[in-house]
Amino acid sequence: MGKYFGTDGFRGETNVDLTAEHAYKIGRFLGWYYTELHKLNGVDHEARIVIGKDTRRSSYMFEYSLVSGITASGADAYLLHVTTTPSVAYVTKMDGFDCGIMISASHNPFYDNGIKLLNGQGEKMDEDTILLVEDYIDGKLQLFGKGWKELPFAIREGVGKTVDYVSGRNRYVGYLISLGVHSFKNIKVGLDCANGSAWDIANSVFKALGATTYVINAEPDGTNINLNAGSTHIENLQKFVVDNGLDVGFAYDGDADRCLCVDEKGNVVTGDHILYIYGKYLKKKGSLVNNTVVTTVMSNFGLYKAFDELGIDYAKTAVGDKYVYEYMMKNNCILGGEQSGHIIFSKYATTGDGILTSLKMMQVMISQKKKMSELCEGFTVYPQVLENVRVKDKVAAKNDPEVKKAVDKVTQELGDSGRILVRESGTEPLIRVMVEAEDEGICREKVDSVIKVIKENGHIILDK
């Protein structure tokens, strides 16, 4: 990870960690960089960059700052307006843009925001280009054989233009609808849109496919994104599904690149469940390429036991859909994802797509004529306790010898009956401590024992 960009973009509190000036400089660099690459490669049209945003109040500010930087450097900025991260990836690739930008802090509260960069294939931007962006922000850019403390401005007809590109978003909606291989008629579906990017798109797709939709948290006001809503507060959808007698429910996060489900009984269906359901479905059809599902180290023990029963192989990557996708591309895998609901269907998308995930779950339900709860049978979840500890320095806390000693002790005590995982958040000042075991009480005890050492050694940020 770089100085500013983590596993999922440049993210932080608006105008504290991530400022309008940062956005302007990112736009300035990208507009100039791709313009220069066009010149070097003999491309005779302007560089084109497409931008989407979520519903946060600050997203407009960052959009305008990015556009100013892009056009001042001579590239054209195309605006999708409020849309999902996967739609930006889709449009970037399908419409031949040099790169794509999504303004979102995903599941974070409204006062945070972020800038995600995508390459021309709609994939997460490569690390080398991101480091160039960071070098420009810090005034130490070395590129094309010289140093650039500042970049030249475009002048006269070289100044870039801004294009309203809502048609690109509409084509993405049409693409999702085209993936609905069955009619959803007479199926009652709950949709929790988190007052975010999916607020209009999800309902439009499901209604077009014939579903009877029941929608909550689809009234964004700029400050209510993810507020007691969406995949991070799925308890609301659980109650809503049961109270309204719905067949299934789907909850998205702020930028709709992930999805969690609720079955007809009100039970949560996690990303691990989704991998199990769709992996089993593909295996039965003989379509699971390489017989492998890609997971992260955060996936539940129970998932691997279930895959073993089914004869399905699995890989484990570092946490982050970026790493899942990289492994999938390198090893020709078609299904992968995270427990949190970032699921990648590489045949259809280059990134996690929450609405696509919900369509795939509908496909399995309808084709197999089973309820969501029935599809989850065969997967027993191991109890898991995960605590996020806000710390002063993630690296120092994790590498503290006493903390390491406490983690090793838990590992030895659990043996083959469980596991402990301690890792740094890629987007926040957090250490995540997770334990899985056969009993939740054991999980709680082991997590608390490690957090106690982190606290005693002065790493935790105390509430004021």
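1. Helices (H or I, at least four residues) and strands (E, at least two) are DSSP runs, and they are numbered from the N terminus. With that convention in hand, one can say that helix α11 is followed by K369, whose phi is positive, near 55°. In the same way, α1 is followed by G42, and the phi of G42 is positive, near 70°.

2. This is a predicted model, in which local features need pLDDT of at least 70 and side-chain atom pairs count only at pLDDT 80 or more, while totals for chains, interfaces and linings use all residues. Residues are numbered from 1 along each chain as its sequence is written, and side-chain values use heavy atoms, with hydrogens and water left out.

3. An open sheet of 5 strands has the order β11-β10-β12-β13-β14, with mixed pairing, where two strands are said to pair if DSSP finds at least two bridges between them. The edges of this sheet are taken by β11 (212-216) and β14 (268-269), each of which has a single partner strand, so one side of each is left without a neighbour in the sheet. Strands β10 (residues 188-192) and β12 (residues 248-252) run parallel and are joined by 4 bridges, and V189 stands opposite V248 in β12.

4. Helix α7 (residues 235-243) touches β10, β11, β12, β13 (259-262) and β14, and its direction makes about 160° with that of β12. Helix α11 (residues 354-368) touches β10, β12 and β13, with its direction at about 165° to that of β12.

5. How many of the 15 residues of α11 are buried? Here buried means under 20% relative accessible area, exposed means over 50%, and partly exposed lies in between (1.4 Å probe, protein chains only). For α11 the count is 12 of the 15, so this helix is largely enclosed by the rest of the structure; among the buried residues are I355, L359 and M365.

6. Helix α1 (residues 20-41), with 22 residues, reaches 32 Å from its first C-alpha to its last, close to the expected 32 Å.

7. G354, which lies in helix α11, is buried, with a relative accessible area of 0%. Leaving aside residues up to four places away in sequence, G354 touches Y252, A256, D257, R258 and C259. G354 and L260 are 94 residues apart in sequence, yet their C-alpha atoms are 8.1 Å apart in space.

8. Another open sheet has 3 strands in the order β19-β21-β20, and its pairing is antiparallel. Strands β19 and β20 stand at the edges with a single partner strand each, so one side of each is left without a neighbour in the sheet. From one strand to the next, the twist averages 10°. Strand β19 (residues 384-390) pairs with β21 over 7 bridges, and R390 stands opposite L430. Strand β20 (residues 418-424) likewise pairs with β21 over 7 bridges, with M434 as the bridge partner of L421, and these two strands form a hairpin with 5 residues between them.

9. Strand β21 (residues 430-437) is mostly covered, since 8 of its 8 residues are buried. In a regular strand the side chains alternate between the two faces of the sheet. In β21, L430, R432, M434 and E436 point one way, whereas I431, V433, V435 and A437 point the other way. Helix α14 (residues 401-414) lies across β20 and β21 at about 160° to β20, and helix α15 (residues 440-456) lies across β19, β20 and β21 at about 150° to β21.

10. A nonpolar core is a set of buried Ala, Val, Leu, Ile, Met, Phe, Trp, Tyr and Cys residues joined through side-chain atoms within 4.5 Å. The largest one has 63 residues, and those with the most contacts inside it are V189, F206, F250, Y252, I277 and M372. Apart from it lies another core, of 36 residues, including F5, A75, C99 and L117.

Technical notes
Contact = heavy atoms within 4.5 Å. Axes fitted to C-alpha atoms, helices over the stretch in contact; angles between N-to-C directions. Expected span 1.5 Å × (residues − 1).
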